[in-house]
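Me: I'm new to this one. Could you walk me through how to read a few of its features?

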Amino acid sequence: MRPDILNPLFAEVTALKGVGPGLAKPLDKLGLHRVVDVAFHLPSGFIDRVPRDELDMADVGRTIAITLTPVEYRMSASQRGPMRVHATDAKGNYVSLIYFGGSSGWVKKLLPLNESKRVSGKLEMYGQELQIIHPDLGDGDEGFREREAIYPLSEGITSRRLGQFAHEAIERAPDLPEWIEPGLKAQHQWPDWRDALTRAHADPADTKARERLAYDELFANQLAFMLVRASSRARRGRALAGDGRLRDMLKLPYAPTAAQARTIREIEGDIAQSSPMLRLLQGDVGSGKTLVATMALLMAVEAGAQGAFLAPTEILARQHYETLQRMLAGLPVNVAVLTGRDKGRVRESTLMGLADGSIHILVGTHAIFQEAVAYKDLALVVVDEQHRFGVAQRLLLQGKGNAPHLLAMTATPIPRTLTLAQYGEMDVSRLDEMPPGRQPIETRVVSEDRLGEVAEALGRHIDGGGQAYWVCPLVEESEKSDLAAAEARAAALQSRFGDRIGLIHGRMKPAEKDAVMAAFAGGKLSVLVATTVIEVGVDVPNATLIVIEHADRFGLAQLHQLRGRVGRGSGQSICLLIRGNALSDTSRARLALMRETNDGFRIAEEDLRLRGAGEMLGTRQSGEQGYRLASPEHFAALQQTAHDDARLLIDRDGGLDGPRGQAARTALYLFERDAGVALLRSG
């Protein structure tokens, strides 16, 4: 249970004075649902205002605060033009206050003629006239601080209002006992937690306050991972000893790579222990993770137990099922599939087979861990596309069966420096070589001026029986505009190539997406136009061309993942990166690296260098809180310290039972890393 001392912070955001349903909406868009969210929504910058008694040309370009008296309204001749309010300072100097798009009645109400108002804004020169566009208004001679925080905003709320809510949120924040080791706190000269929160909102230059808050978040994360790991190790699962008979029957088209053989040995060693395996398997697109997973599942079946294979989407689950069916054909192993779509008799029959043990391996979506699904003897769980499932969901999986072993897989190579942050509780294996026979994908960078030639080349490709993906650009942070771009591109290609063109985007219902993907996989569609929702791992060996529009707008990791949709068959595959004409140095470096290498691990390390840790961590783990206070710089500087301090707490300071441990328990709840606490018998 969350400690009572934190209740004021975890109240709904409407507990703050002045937040009704109207303001709750823009706050909701910012992800600010509770008081703690507002407290952790730190300013992105500050305005420094210069208080002035009179207007001065020397202040053009500065933000000033001044008392003015409106003397005349000037309406624009056109409806779209601005409204001007002419005003004078104490010495009679003129300035125009400009308002766009508002009704004149509203402006007149804000600024009645001949009534002095305290006004603040950026003083600008337009022709021979001084002006301030959309000034902020104070009350009487009050209402403006010389330094005011600027917050990340959404439409419908001002920075000043958010600042007021933040101030109130901090007022509700309790003084909390100290969880940082005293020597470490003194060494870094960090303030107390509540003081740090107050200072971070009050002053942008207060690096110590920001650093303290970032450290707290990293520390809570590392501590949670250690508790999960310790709890997992302490739980008595069961040792699995496969005799190799099923694996020996497997007819493989090629010998496993050295990396695959090494990883299979590591897994065999893990599951031979009674403490449950927690292993992360990182492998680039096409490195053969499925073979490793199959071997692990066969080890469980050889030992007389059951295995489950969890995929993030329906289409991937069915694809894995078909792959396993193919690989295990002729073996005395019964594989079944279960997704949310399975109903009635089919579902009942699967549930019975799991309960009586006649189904050895179950493949499916998260539906395979619903309460109604009971296994006779589940001993191993394989999770595909690990980043879609958070720590909390990983724990849920292990609640089924008698503490089953867990193998998690990801096709997104993670830089070594970040593995600790995202998967601190797991052992890590890396498949860093490719099976024989996979041809590297040829990557070309083409200017957007040559789109016509690209469309002609696409025509030749599909006339020759090939299939292709066409990925539309990220337009801005809006699904609507991304969707519009995809619809426009699909329509243009349909007018040229007819009904061989399909479209898939994030706003479609899962069943609609599945239907289009199935038509493409089955060869009924030649080209799949998509926003970036093409599922990781979707396997269409006949698709040997991918066109990515405005490739300069994508991050390296995303470009690499998209490129991995092709190159899955034996034929030569091509990736065309269409670039805009105004490239930044970073974009140019990204595209050059994509052309140069197919190595996902190298790309991940370079992506970290170009983007920073925070942005890479920003692709939040599903079901997990992301990092709200730790920036990339904090991450690089403090991650190892946080790891060492958490280790010290557990090894030397009595874990969560000592005085510092009780404080650290509060930190776990405060930063919502309490999955770690939930595991402890005392928690």
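Predicted model: local features only at pLDDT ≥ 70, side-chain atom pairs only at ≥ 80, totals over all residues.

Reply: Residues are numbered from 1 along each chain as its sequence is written, and side-chain values use heavy atoms, with hydrogens and water left out.

Me: How much space lies in the second largest pocket?

Reply: A pocket is an open set of points on a 1 Å grid over the protein atoms alone, where a 1.4 Å probe fits, with protein on both sides within 12 Å along at least five of seven lines. The volume is the space filled by probe spheres set on the points, and here that is about 980 Å³.

Me: Which residues lie nearest its centre?

Reply: Lining residues have an atom within 4 Å of a point. There are 36 of them, and G288, T290, T323, R438 and D539 lie nearest the centre. Two elements, α10 (289-302) and α11 (314-327), each give two or more residues to this lining; α11 provides the largest share, six residues.

Me: Which strand is joined to β19?

Reply: Strands are DSSP runs of E, at least two residues, and helices are runs of H or I, at least four. Two strands pair if DSSP finds at least two bridges between them. Strand β19 (residues 501-504) runs parallel to β20 (residues 527-530), with four bridges joining them. L503 has V529 in β20 as its bridge partner.

Me: Is Q561 buried or exposed?

Reply: Buried means under 20% relative accessible area, exposed over 50%, partly exposed in between (1.4 Å probe, protein chains only). Q561 has 10%, so Q561 is buried. Q561 lies in helix α18 (residues 556-563).
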